[in-house]
Amino acid sequence: MEYVSYPDNFFGLVDPLSNYESSKAVILQVPYEKTTTFMRGTKNGPKAILKSSVEVQPYDEEMEKNICEAGICTLKPLKAGEEPEEMMENICNKIKKLAHDSKFPVIVGGEHSITPACIKAFSDKYDNLSVLQIDAHTDLADEWDGTKYSHACALRRCFEITRKIIPVGIRSTTMEEVEFAAQNGIKIFWAKDVYDNDEWHDDAIARLSDDVYITIDLDGFDPSIMPSVGTPEPGGMQYYPTLRFLKKVFNKRNVIGFDVVELCPNEKEASSDFTAAKLIYKLIGYKFFKGL
Ligand SMILES: [Mn+2]
């Protein structure tokens with residue numbers, strides 16, 4: 001497995017903390033962008049996240065650990081291919097290999113349309129998989145701009161594989177998608193109901209099966225803390241409340257992997273890149289230092 005060495009890998013980790021064999025977590029960069037609808041640039045997401053991550057300190061004050069002790073290997077960017085079918089197959093095969101090697105895959109996009117390939121990779125191994133989605137948009141359209149592989153259809157494709165989707169932070173959708181969700185038992189946790197309280201946590205977690213995959217579209221966060229996304233929406237999730245929720249999910253369920261997608265880097269605004277890098281690091285900590 002070809003990986004990125006110090007100092008250019010995630011968090012700038014020296015070899016014993018970042019080689020493939022000894023790392024529990026593996027970052028898979030997927031700079032794929034084909035169907036974004038407004039601002040282009042998500043293909044630069046992985047690079048910007050890596051670049052900012054090396055400036056972040058490894059000590060985590062919440063877990064009182066250097067999270068990087070778990071070992072975080074950064075694979076070279078995946079050449080996913082141009083066509084959606086090819087992209088799906090390449091991502092799927094790569095993740096299957098990581099799962100086979102007992103690694104915890106962390107997929108860094110790229111646009112949201114890569115997520116169904118990740119779910120497909122896990123669906124063979126886990127027959128009762130659920131998908132926790134943090135997002136401003138439902139992404140449940142059957143087709144968008146004439147393609148079923150658009151990022152606006154990402155969760156619809158996931159639903160066809162798992163049928164268990166829990167969307168959180170939603171504040172932009174269509175009547176058709178709301179009806180589809182209602183007809184198929186998908187409860188939407190609207191941003192307006194969750195942004196300022198923790199009362200919904202137990203309900204959301206109860207809807208998750210034992211094995212959970214998390215997909216984080218960064219536009220799920222409020223543009224005040226995450227402005228550099230392709231399709232920003234007001235009224236989103238805040239940093240600490242979202243971490244409180246995700247920590248509970250990691251503690252109560254078996255999280256098998258996660259993706260962070262749709263960062264659209266802007267060289268004049270680096271805080272979004274840093275927030276994404278820190279978020280990824282935190283979630284790796286929640287996985288490997290459970291309960292701390
Ligand atoms: Mn979105």
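How do β5 and strand β10 (residues 254-261) pair, and over how many bridges? The two strands run in the parallel sense and share 3 bridges; two strands count as paired if DSSP finds at least two bridges between them. Across this pairing, Ile107 stands opposite Asp259 in β10. The structure examined here is a predicted model, in which local features need pLDDT of at least 70 and side-chain atom pairs count only at pLDDT 80 or more, while totals for chains, interfaces and linings use all residues. Residues are numbered from 1 along each chain as its sequence is written.

The protein contains 10 helices and 10 strands. These elements are DSSP runs numbered from the N terminus, with helices (H or I) of at least four residues and strands (E) of at least two. An open sheet is built from 8 strands with parallel pairing, in the order β4-β1-β5-β10-β9-β6-β7-β8. Its edges are β4 (72-74) and β8 (189-190); each has a single partner strand, so one side of each is left without a neighbour in the sheet. As background, strands of a sheet pair through backbone hydrogen bonds. Helix α5 lies across β6 and β7 (165-170) and runs at about 160° to β6. Such angles run from 0 to 180 degrees between N-to-C directions, with axes fitted to C-alpha atoms, for helices over the stretch in contact.

What about the overall fold? For 292 residues, a compact globule would have a radius of gyration near 19 Å, and the protein agrees with its 17 Å. This radius is taken over C-alpha atoms, and the globule rule is 2.2 Å times the number of residues to the power 0.38. Of the 292 residues, 51% count as buried. A residue is buried if 20 or more other C-beta atoms, placed from the backbone, lie within 10 Å of its own, exposed if 12 or fewer, and partly exposed in between. Among contacts (C-beta atoms within 7 Å) with a separation of 6 or more, 77% join residues 24 or more positions apart.

A few backbone details deserve a friendly look. Most residues other than glycine have a negative phi, and most peptide bonds are trans. Glu64, in the loop between β2 (59-60) and β3 (65-66), has a positive phi of about 55°, and this residue is exposed, with 9 other C-beta atoms within 10 Å. Asp145 has a positive phi near 50° and is likewise exposed, with 11 C-beta neighbours inside 10 Å. The peptide bond from Tyr6 to Pro7 is cis, with omega near 5°, and Pro7 lies in the segment before α1 (15-18).

Definitions and conventions:
Contact = placed C-beta atoms within 7 Å.
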